[in-house]
Amino acid sequence: MTYSSLFEIYPAEAKDAEAVSRLMYEAIGDIAHTLAGTTDLPETLETLAELFRSPGCRLSRENALVCKDEYGRLAGFALSYAGADAEALDAPLLRRLRERGLPTAGLLPEARPGEYYLDSLAVDGAYRGAGLGTRLIEAFERRASELGERQAMLLVDRANVKARALYERLGYREDGPIELSGHLYDRMIKPVGSEG
């Protein structure tokens, strides 16, 4: 039995909101402030948790998988959705920003129709090195295939050499740049489903 086999992956629940919001912030950094329309970290985390509990938006628990240890402690999460749904999933975020008189230019669709997008993924520092990130990516790819998507897509910060190496090892290849919240990322794609 391996250490990573002590962990299970489940659909996320509302009760996971606070733990996931902290990991989500760790995964996406400044983008969290753009999505939440906040600059204060506690307010950003609170807003991420609120959005996670809300149905029908890109940050919703409906789009998340969580990895938990045998005691039910959250070890990691993956948030994903179909690129074809991006516009509808962004509508509640755009509405929220407009209601607060905040700019919406930073909220861009990251995925294209025909892609199943790994919006964010993080493993708690206490559990890193056990292969949980790979297991979450594999679960994301299975979900994409089960939903009939043909291509998985994720973004990698150009400075994150370690993450890029993992994605390339898992079969992802570069598919051009994208700029979000002032940071440059590379799109990484991989065939899944009947093509995978």
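Reader: How do β6 and β7 pair, parallel or antiparallel?
Author: Antiparallel, over six bridges. Two strands count as paired if DSSP finds at least two bridges between them. Strands here are DSSP E runs of at least two residues, helices are H or I runs of at least four, and both are numbered from the N terminus.

Reader: Before we go on, what kind of model is this?
Author: A predicted one: local features need pLDDT of at least 70, side-chain atom pairs count only at pLDDT 80 or more, and totals for chains, interfaces and linings use all residues. Residues are numbered from 1 along each chain as its sequence is written, and side-chain values use heavy atoms, with hydrogens and water left out.

Reader: Back to that hairpin. Which residue stands opposite leucine 180?
Author: Histidine 183, in β7. The hairpin has two residues between its strands, and serine 181 takes a positive phi near 45 degrees.

Reader: What is the strand order of the sheet?
Author: β1-β2-β3-β4-β5-β7-β6. That is seven strands in an open sheet with mixed pairing. The edges are β1 (8–11) and β6 (173–180), each pairing on one side only. Neighbouring strands are turned by 30 degrees against each other on average, direction ignored.

Reader: And in which sense do β3 and β4 pair?
Author: In the antiparallel sense, over seven bridges. β3 covers residues 74–82 and β4 covers 115–123. Alanine 78 stands opposite leucine 121 of β4.

Reader: Which strands does α5 lie across?
Author: β1, β2 (64–68), β3, β4, β5 (151–157) and β7 (183–191). It runs at about 155 degrees to β4. Axes are lines fitted to C-alpha atoms, for helices over the stretch in contact, and angles run from 0 to 180 degrees between N-to-C directions.

Reader: What is threonine 134 in contact with?
Author: Leu166, Arg169 and Leu170, leaving aside neighbours within four places in sequence. Contact means heavy atoms within 4.5 Å.

Reader: How about arginine 142?
Author: Also in α5. Arginine 142 is partly exposed, because its relative accessibility is 47%. Its C-alpha atom is separated by 14 Å from that of valine 66, 76 residues apart along the chain.

Reader: Switching to α6. Which residues are buried there?
Author: Ala163, Arg164 and Tyr167, in a helix of residues 161–169. Seen down the axis, the buried residues fall within an arc of 100 degrees, so they line one face of α6. That arc is taken from the directions from the helix axis to the C-beta atoms.

Reader: What covers them?
Author: The cover includes α5, β5, β6 and β7. The face turned away from the buried side carries the exposed residues Val161, Lys162 and Arg169. Just after α6, glycine 171 takes a positive phi of about 100 degrees.

Reader: Last one. At what angle do α1 and α3 cross?
Author: At roughly 120 degrees, with the axes coming within 8 Å. α1 is residues 17–28 and α3 is residues 41–53. The two helices are therefore oblique to each other: under 35 degrees counts as roughly parallel, over 145 as roughly antiparallel, 65 to 115 as roughly perpendicular, and the rest as oblique.

Conventions: Buried < 20%, exposed > 50% of the residue type's maximum accessible area, 1.4 Å probe, protein only.
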